Amino acid sequence: MSEDLGKQTAYMQTGLSKRRLSLKWKWAIGTGVGVLLIFIIFSFFVFNSISQVMVSQERSQVNATMNSVISRLQRVSKIDGITVGQYLRPDNAAGNSDQSEQPYSNALLTNLARRDIVVSVYDLKSEQVFSSRRSSEKFKVPTSRTITHPKGSQFNGLIGRAPIRNHEGKLIGYIQVVDTLATVKQTQQKIIWIVVLLTLIAFALISLFGYLLATYLLRPINVMNRTMKEVTEDPQTERRIPDLERNDELSDLAIVFNDMLDRMQRYIDQQHQFVEDVSHELRTPVAVIQGHMEMLNRWGKDDPKILNESLQASLDETKRMQSLVQEMLDLTRADQIEIHFSKEETPVMRVVNQVFNDFKMIHPDFTFTLDSDVHSNPIVQIYRNHLEQVLIILLDNAVKYSTKRKEIHVSAAEDARTVQIAIQDFGEGISEENAKKVFNRFYRVDKARSRDKGGNGLGLSIAQRLIEGYHGKISLESSVGYGSIFRITLPIVKDDPKENLISEEPKD
């Protein structure tokens with residue numbers, strides 16, 4: 001534990017020595033960047049759409065300007081500077097007495113007055129006879145009406161060109177309308193600045209919102225982190241994660257973590273108790289053996305009677321220590337039982353008969369009875385050694401707690417799907433409250449009596465895990481002062497009629 005704590009302290013010191021970015025800031029910046037990207041993409045499409053609409057409007061304006069000029073010049077038979085000036089000069093256009101031409105004159109004046117539009121008229125020799133203002137764009141003779149949008153390094157605007165014909169359809173000149181799109185470009189710049197400003201404001205607001213949201217959502221993690229640090233510093237602490245009052249995954253995690261701490265604490269307490277018990281038990285046989293060896297070394301080795309007694313006592317204490325060592329091995333292997341399940345099939349009654357006969361031989365002072373209603377050879381899916389281990393645990397438990405009436409009954413029965421084995425003793429019995437706990441690891445009904453009888457409270461837990469690992473069931477019926485009955489139920493895989501291994505024992 002101290003080594004792990006030292007590693008964690010070193011890790012924390014290393015983490016503090018390095019610059020790190022809090023998860024809240026990562027969340028805030030990540031949220032801000034994500035929204036920023038979405039906002040930029042959205043703004044890009046909106047900007048393109050607005051730009052296309054404005055360019056389309058300017059194109060319509062160029063086309064309308066050409067229509068206005070051509071309509072006025074259709075009345076002349078020849079284009080020259082004087083004639084065009086009479087029809088296109090602002091004073092002449094404004095002084096037109098024809099009321100039906102007034103809207104046209106107003107639109108024409110507006111277009112000629114715009115600084116980003118240049119209207120030029122050319123005669124048949126491609127010589128310029130009129131221009132609303134100077135333009136650097138070269139004139140090209142058009143064969144039909146065209147409006148182009150060249151995007152060069154020197155010019156990025158609209159150019160409209162068209163031939164001019166009079167009412168008789170005779171070609172009398174050409175018109176060129178250049179729109180520099182200055183108004184559009186100014187509007188685009190304003191939109192870009194507005195988008196940049198809104199983007200920065202949105203990034204700041206979303207980042208702030210993300211930080212506050214992360215702070216709220218990660219608050220339970222901070223509580224869990226503090227609790228984990230306290231548990232690391234003091235594994236025996238009773239501190240647990242408080243109720244988060246939130247119905248989400250973090251609340252579920254807190255509940256699982258608290259359950260894990262409770263379970264770990266129980267295991268630590270039980271193992272500490274077991275180690276204390278073993279230490280207490282080992283102290284006695286070691287002291288006994290040491291005393292006999294010292295006695296023999298001083299004077300007892302020349303007395304055959306003392307020598308035999310000391311050797312026998314030392315041998316008994318050695319066997320007792322061997323039993324304690326085996327119990328410790330059971331403790332270390334208890335958590336590994338589930339990984340050893342196999343697909344082996346075992347004739348159940350053969351194992352029952354074998355273990356039954358072994359216990360009759362080992363405990364001649366007990367009366368063992370086997371009652372069997374099994375008249376076939378049921379096969380169950382269980383590793384033979386596991387079934388034998390379970391039967392030994394239950395029979396050994398029955399022998400230990402049969403203090404007065406030394407009688408053990410073993411019975412077997414079967415139905416269409418299962419085989420049942422029951423082991424009954426007439427010993428001390430177990431209360432209803434304790435009967436619910438006997439299958440818990442390390443649990444012992446009476447620690448003082450259990451210490452005298454041996455055992456670490458693992459046997460019944462191992463038996464339960466083995467039986468349930470093979471899809472069987474194990475249960476207990478007990479009454480204080482009248483004994484206990486352990487029942488095992490295992491599913492039958494198949495029935496082998498070729499062999500009948502049932503050995504009926506005479507009932508005593």
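Visitor: What counts as a cavity here, and how many of 30 Å³ or more does the search find?
Guide: A cavity is a set of grid points where a 1.4 Å probe fits but cannot get out, and its lining residues have an atom within 4 Å of a point. The model searched is a predicted one. Over the whole structure, the number of cavities of 30 Å³ or more is one.

Visitor: Which residues line the largest cavity?
Guide: This cavity has a volume of about 40 Å³. Its lining is made up of Val352, Val355, Phe356, Leu391, Leu395, Val410, Ile421 and Ile423.

Visitor: Which element gives the most to that lining?
Guide: At least two lining residues come from each of α10 (348–362), α11 (384–400) and β10 (418–425). The top contributor supplies three residues, and that element is α10.

Visitor: By class, how many nonpolar, polar and charged residues does the lining have?
Guide: Val, Leu, Ile and Phe count as nonpolar. The lining holds Val352, Leu391, Ile421 and Phe356, among others. By class, the tally is eight nonpolar, no polar and no charged.

Visitor: Is Gln188 buried or exposed?
Guide: Gln188 sits in helix α6 (residues 182–217). Beyond residues up to four places away in sequence, Gln188 touches Phe47, Ser51 and Met54. Buried means under 20% relative accessible area. Gln188 has 19%, so it is buried.

Visitor: How many aromatic pairs are there, and what is the geometry of Phe44 and Phe45?
Guide: The count comes to six aromatic pairs. Phe44 and Phe45 form an aromatic pair with centres 5.7 Å apart and 75° between the planes. Planes over 60 degrees apart count as edge-to-face. The pair of Phe44 and Phe45 is therefore edge-to-face.

Visitor: Are Phe44 and Phe45 buried, partly exposed or exposed?
Guide: The cut-off for exposed is over 50%. Phe44 has a relative accessible area of 48%, so Phe44 is partly exposed. Phe45 has 53%, so Phe45 is exposed.

Visitor: How many residues apart are Phe139 and Tyr174, which form a tilted pair?
Guide: Their centres lie 5.9 Å apart, with 50° between the planes. Phe139 counts as buried at 18% relative accessibility, and Tyr174 counts as buried at 8%. The pair links distant parts of the chain: Phe139 is in the loop between β2 (128–131) and β3 (146–148), Tyr174 is in strand β5 (residues 171–179), and the separation is 35 residues.

Visitor: Which residues do ring pairs link into a cluster?
Guide: One member, Phe356, also lines the largest cavity. The cluster consists of Phe356, Phe359, Phe366 and Phe368.

Terms used
Residues numbered from 1 in each chain as written. Predicted model: local features only at pLDDT ≥ 70, side-chain atom pairs only at ≥ 80, totals over all residues. Heavy atoms only, no water. 1 Å grid on protein atoms, 1.4 Å probe; cavity = no way out; pocket = protein on both sides within 12 Å on 5 of 7 lines; lining within 4 Å. Points joined across faces, edges and corners; volume = space filled by probe spheres on them. Helix = DSSP H or I, 4+ residues; strand = E, 2+ residues; numbered from the N terminus. Buried < 20%, exposed > 50% of the residue type's maximum accessible area, 1.4 Å probe, protein only. Contact = heavy atoms within 4.5 Å. Phe/Tyr/Trp six-rings, centres within 6.5 Å; stacked < 30°, edge-to-face > 60°.
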